[in-house]
Amino acid sequence: MPTSIRLAPEMEERLDFLAARTGRSKAYYLRELIERGIEEMEDYYLAAEVLERIRRGEEEVVKGEDFWRGLDA
């Protein structure tokens, strides 16, 4: 899927330099960054969403000892 992004000039320079030095395309490195970083971003943003639901009382919270006790059964 073609996608367009706008980079800060210094980031674009770094990407250009890396691509030129390694012989790989800028698209290759952008794909790598996205593929390696998406899981971390999902973890962070989805956890923040759950935390907000907990703070609003919309999410059930289980005490640690109750959680572990439930696994023993």
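Visitor: In which helix is Glu39 found?
Guide: This is a predicted model, in which local features need pLDDT of at least 70, side-chain atom pairs count only at pLDDT 80 or more, and totals for chains, interfaces and linings use all residues. Residues are numbered from 1 along each chain as its sequence is written, and side-chain values use heavy atoms, with hydrogens and water left out. Helices are DSSP runs (H or I, at least four residues), numbered from the N terminus. Glu39 lies within residues 26–55, which is helix H2.

Visitor: Is Glu39 buried or exposed?
Guide: Buried means under 20% relative accessible area, exposed over 50%, and partly exposed in between (1.4 Å probe, protein chains only). Glu39 has a relative accessible area of 53%, so the residue counts as exposed.

Visitor: Is Phe67 exposed or partly exposed?
Guide: Phe67 is found in helix H3. Its relative accessibility is 45%, so Phe67 is partly exposed.

Visitor: How far apart in space are Ala20 and Tyr44?
Guide: Ala20 belongs to helix H1 and is exposed, at 64% relative accessibility. In sequence, Ala20 and Tyr44 are 24 residues apart; in space, C-alpha to C-alpha, the distance is 33 Å.

Note on methods
Helices (H or I, at least four residues) and strands (E, at least two) are DSSP runs, numbered from the N terminus.
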